Amino acid sequence: MVYEVVPRSALAPLELTVVVPTFDERENVLVLLERLGVALAGVAWEVVYVDDHSPDGTADVLRDVARVDRRVRVIERVGRRGLSSACIEGMMSSAAPYIAVMDADLQHDETLLPAMLERIKSADVVIASRNIEGGSMGEFGRQREQLSHLGRRISRLVCKCDVSDAMSGFFMVEAGFLRAQVPRLTGSGFKILVDILASSDRPLRVVELPYRFRMREAGESKLDTNVQLEYLFLIVDKLIGRWVPTRFVLFLGVGALGLGVHLAVLAVLYRGHLASFAHAQLAATFVAMTSNFLLNNVATFRNQRLRGSRLFTGLLKFYVACSLGALINVAFASMLMRRGMPWFLAGVAGTAISSVWNYWVNTVLTWRRNLR
């Protein structure tokens with residue numbers, strides 16, 4: 001493949017920026033550049049690749065091109081990960097009046113960009129949709145298609161407009177509209193479009209154009225359990241994040257699951273006559289605390305996930321913090337009981353205080369950000 005370089009003197013005033021987040025896409029980025037050049041002939045465009053420090057050297061390949069082609073820019077992020085935040089940084093780096101977002105894996109149809117550019121001039125957002133007449137999920141399996149439809153239904157809880165494919169990763173926005181929304185964006189997860197649609201402070205002008213989703217040609221899919229957790233985090237944040245920190249809600253959710261684990265272990269050991277109640281209660285407490293720690297590590301604090309030796313020391317800190325939380329719970333509830341509060345309200349108040357304590361101290365000590 002021969003990549004054609006455009007001289008700096010031949011560039012007209014910038015009209016469109018295409019933002020492409022990347023991680024280990026070395027095999028695809030130059031193919032996409034060639035396709036963009038064909039699709040956007042006659043348009044003053046640039047492409048901004050936002051690379052999360054890919055081990056395969058994606059950014060190095062792009063820098064070689066960017067040295068001689070002004071249409072190509074590279075933002076390499078070190079110590080930061082995430083598709084949505086990468087898209088936001090790329091979009092905010094643009095001076096163009098219109099900004100498109102698409103993946104680097106060649107699954108999005110770049111030939112749709114000129115039509116999207118034409119329609120965005122009278123809209124806030126133009127979405128390439130797989131779910132309207134003329135569009136499709138392509139050759140993906142039924143399970144992947146069902147997952148996409150489930151995500152679409154969930155997104156309707158928070159989106160402030162009626163669209164067929166809020167889960168699309170291929171869209172175009174008017175730059176002034178985008179900049180007005182950025183302060184309200186969550187910036188987490190892999191579905192930045194849902195974030196934008198849910199954050200708007202006014203009715204949106206949205207246009208959808210159909211396209212057929214392609215199969216990935218090279219590299220590996222980034223869709224995994226962590227990506228799905230990020231999507232859950234985004235939805236919870238848009239539903240209640242203005243009132244309660246989303247991370248705290250997830251922490252409480254893990255705690256509720258931990259209560260179920262505690263009761264299950266207690267029932268097996270005590271009701272099964274395997275241990276005395278005191279010993280069964282102690283074992284159940286430690287099993288529940290351990291499960292809570294592991295779930296919080298992969299879900300609530302996934303961006304500060306502990307690994308290796310730090311996982312063990314973090315678990316010890318979690319034991320200590322939650323043990324102190326239990327003492328605070330008992331002391332506070334007992335004090336309220338002595339002052340005449342009904343037992344059930346005293347119990348709820350004690351639990352609430354200990355939950356806030358456990359969340360705060362574990363955020364500060366157990367999962368504090370590693371700034372080294």
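The following questions and answers examine a predicted model of one protein chain.

Residues are numbered from 1 along each chain as its sequence is written, and side-chain values use heavy atoms, with hydrogens and water left out. Because the model is predicted, local features need pLDDT of at least 70 and side-chain atom pairs count only at pLDDT 80 or more, while totals for chains, interfaces and linings use all residues.

Q: How many helices and strands does the secondary structure of the chain come to?
A: Helices (H or I, at least four residues) and strands (E, at least two) are DSSP runs, numbered from the N terminus. Counted in this way, the secondary structure comes to 12 helices and 7 strands.

Q: What percentage of the residues of the chain count as buried?
A: A residue is buried under 20% relative accessible area, exposed over 50%, and partly exposed in between (1.4 Å probe, protein chains only). Among the 372 residues of the chain, the buried share is 46%.

Q: Which residues stand opposite Val126 in S6 and in S7?
A: Two strands pair if DSSP finds at least two bridges between them. S5 is joined to strand S6 (residues 171-174) by 3 bridges, running antiparallel, and to S7 by 5 bridges, running parallel. The residue opposite Val126 in S6 is Met172, and in S7 it is Val207.

Q: What is the bridge partner of Val101 in S6?
A: S4 and S1 run parallel and are joined by 4 bridges, and Val19 has Val101 as its bridge partner in S4. S4 and S6 are also joined by 4 bridges, but run antiparallel. In S6, Val101 has as its bridge partner Phe171.

Q: Which residues of the largest nonpolar core touch the most other members?
A: A nonpolar core is a set of buried Ala, Val, Leu, Ile, Met, Phe, Trp, Tyr and Cys residues joined through side-chain atoms within 4.5 Å. In soluble globular proteins, nonpolar side chains tend to be buried together. The largest core has 35 residues, and those that touch the most other members are Leu16, Val18, Val47, Tyr49, Leu113, Met116 and Met172.

Q: With which residues is Leu113 in contact, leaving aside its neighbours within four places in sequence?
A: Contact means heavy atoms within 4.5 Å. Leu113 belongs to the largest nonpolar core. Beyond its sequence neighbours, Leu113 is in contact with Val18, Leu36, Leu40, Ala100, Met102, Phe170 and Met172.

Q: Is Ser54 buried or exposed, and which residues does Ser54 touch?
A: Ser54 is placed in the loop between S2 and H2. Its relative accessibility is 8%, so Ser54 counts as buried. Not counting residues up to four places away in sequence, Ser54 touches Thr22, Phe23 and Asp24.

Q: What is the phi of Leu106?
A: Most residues other than glycine have a negative phi, and most peptide bonds are trans. Leu106 lies in the loop between S4 and H4 and is buried, with a relative accessible area of 2%. Its phi is positive although the residue is not glycine, with a value near 70°.

Q: Which helix gives the most to the lining of the second largest pocket?
A: On a 1 Å grid over the protein atoms alone, a pocket is an open set of points where a 1.4 Å probe fits, with protein on both sides within 12 Å along at least five of seven lines; lining residues have an atom within 4 Å of a point. Helix H9 (246-271), helix H10 (277-300), helix H11 (309-338) and helix H12 (343-366) each supply at least two lining residues. The greatest contribution, 9 residues, comes from H11.

Q: Which of the residues that line the second largest pocket are the closest to its centre?
A: About 820 Å³ of space lies in this pocket, where a volume is the space filled by probe spheres set on grid points joined across faces, edges and corners. Of its 26 lining residues, the closest to the centre are Asn292, Asn329, Thr351, Ser354 and Asn358.
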